[in-house]
Amino acid sequence: MQQDLAGRVALITGAGNGIGRETAHQMAARGAIVGVNDLKEEFVEAAVASIRAAGGQAFGVVQNVSTRDGIHAAVQSAHEQGGGRFDILVNNAAWVRYQAVPEIAEDTMDRMLAVGFKGVIWGIQAAVAAMDAERGGVIVNVASTAALRSAPNSVVYSGIKSGIVGITRAAAAELGAQNIRVNAVCPSAIPTEGTQRNRNAERDARRVATTPLGRLGTVEDIARGICFLAGDESGFVTGQALVLDGGVTFSNL
Ligand SMILES: NC(=O)c1ccc[n+]([C@@H]2O[C@H](COP(=O)([O-])OP(=O)(O)OC[C@H]3O[C@@H](n4cnc5c(N)ncnc54)[C@H](O)[C@@H]3O)[C@@H](O)[C@H]2O)c1
């Protein structure tokens with residue numbers, strides 16, 4: 001594996017599971033010193049241990065990133081544990097419920113907004129404060145293909161993920177002069193712990209049949225896209241939403 005992230009300090013929110021955990025693994029394999037954030041201590045410990053067992057460098061950041069204080073403390077902790085530098089933030093954490101319009105509840109929407117929307121903006125704010133003024137850094141926000149086309153019962157989720165694409169563009173425009181690149185990824189449906197409850201064989205088969213590349217995506221596919229945006233190979237890319245979906249979003253199969 002190329003060592004294109006050697007020595008860079010990264011924080012990945014919600015990295016105790018799924019896409020975040022695989023991204024932490026791949027970044028560590030590319031030489032980054034990776035802060036693994038999650039709400040749940042046992043997830044953090046397990047992810048850090050498996051990255052270290054694979055020969056990578058990682059440290060744990062147990063923190064709820066749904067508040068301004070929480071994400072600022074997480075970035076600060078990564079800066080300290082990373083030896084006084086901070087280079088990469090992946091805003092990946094989300095708490096998601098799919099609800100039809102009549103069922104949308106205030107507490108559900110507030111919780112989704114807190115971690116998935118406000119948390120991203122607070123994360124950008126914290127990262128900018130922690131990054132070196134000259135070296136700058138990279139922010140990758142995890143949006144979704146739900147930002148680009150409709151999905152069942154996803155008025156709140158689609159709204160948040162569309163917002164992430166807008167936040168990404170606006171932050172990229174504002175922060176480019178500080179040598180900070182900001183991009184997003186838009187994954188299609190990926191089997192993870194978080195999506196298990198909404199999956200079934202029939203729905204998966206339908207997705208495969210309508211995907212030009214003929215399979216569901218994997219956490220590895222998405223992590224590779226995030227690592228590309230985090231590294232120097234994408235050095236002239238900012239404000240983009242990279243669609244990682246096997247072609248399903250714009251296909252008419
Ligand atoms: N899996 C998919 O199909 C899919 C598709 C498109 C986009 N996404 C996006 O990718 C990201 C990751 O999704 P996933 O499926 O890997 O999720 P997941 O549920 O498997 O993992 C998310 C992790 O985030 C943690 N988390 C939740 N709230 C937190 C908080 N406040 N502070 C810290 N950690 C918190 C959870 O404990 C969990 O370990 C999300 O932003 C999701 O919306 C996922």
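Glu193 and Arg21 form a salt bridge in which the closest N and O atoms are 3.0 Å apart. The two residues belong to distant parts of the chain, 172 residues apart: Glu193 sits in the loop between β6 and α6, while Arg21 is in helix α1 (residues 18-29). This is a predicted model.

Glu193 has a relative accessibility of 38%, so it counts as partly exposed. Arg21 also counts as partly exposed, because its relative accessibility is 29%. Both values fall between the 20% limit for buried and the 50% limit for exposed.

## Other salt bridges

The count of salt bridges comes to nine. Another of them joins Asp87 to Arg135, with the closest N and O atoms 3.5 Å apart. This pair also links distant parts of the chain: Asp87 lies in the loop between α3 and β4, and Arg135 in the loop between α4 and β5, 48 residues apart. Asp87 has a relative accessible area of 5%, so it is buried. Arg135, at 40%, is partly exposed. Arg85, Asp87 and Arg135 are linked in a network of salt bridges.

The salt bridge between the side chains of Glu202 and Arg206 has an N to O distance of 3.6 Å. Here both residues lie in helix α6, four residues apart, which is about one turn of the helix. Glu202 is exposed, with a relative accessible area of 59%, and Arg206 is partly exposed, with 48%. Why can such side chains pair? Side chains of opposite charge can do so when their charged atoms come close.

Strand β5 covers residues 137-142, and six of its six residues are buried, so the strand is largely enclosed by the rest of the structure. Gly137, Ile139 and Asn141 point one way from β5, whereas Val138, Val140 and Val142 point the other way. The residues on both sides are buried.

## Neighbours of β5

Which strands pair with β5? Strand β4 (residues 88-91) pairs with β5 in the parallel sense over four bridges, and Ile88 stands opposite Val138 in β5. Strand β6 (residues 180-187) also runs parallel to β5, and six bridges join the two. Within β6, Val182 is the bridge partner of Ile139.

Helices connect these strands. From β5 the chain crosses through helix α5 (residues 155-175) to β6, in a right-handed β-α-β crossover. β4, helix α4 (residues 106-130) and β5 likewise make a right-handed β-α-β unit.

Definitions and conventions. Residues are numbered from 1 along each chain as its sequence is written. This is a predicted model: local features need pLDDT of at least 70, side-chain atom pairs count only at pLDDT 80 or more; totals for chains, interfaces and linings use all residues. Side-chain values use heavy atoms; hydrogens and water are left out. Buried means under 20% relative accessible area, exposed over 50%, partly exposed in between (1.4 Å probe, protein chains only). Two strands pair if DSSP finds at least two bridges between them. A crossover is right-handed if, with the strands pointing away from the viewer, the path from the first strand over the helix to the second runs clockwise. A salt bridge is a side-chain nitrogen of Lys or Arg within 4 Å of a carboxyl oxygen of Asp or Glu.
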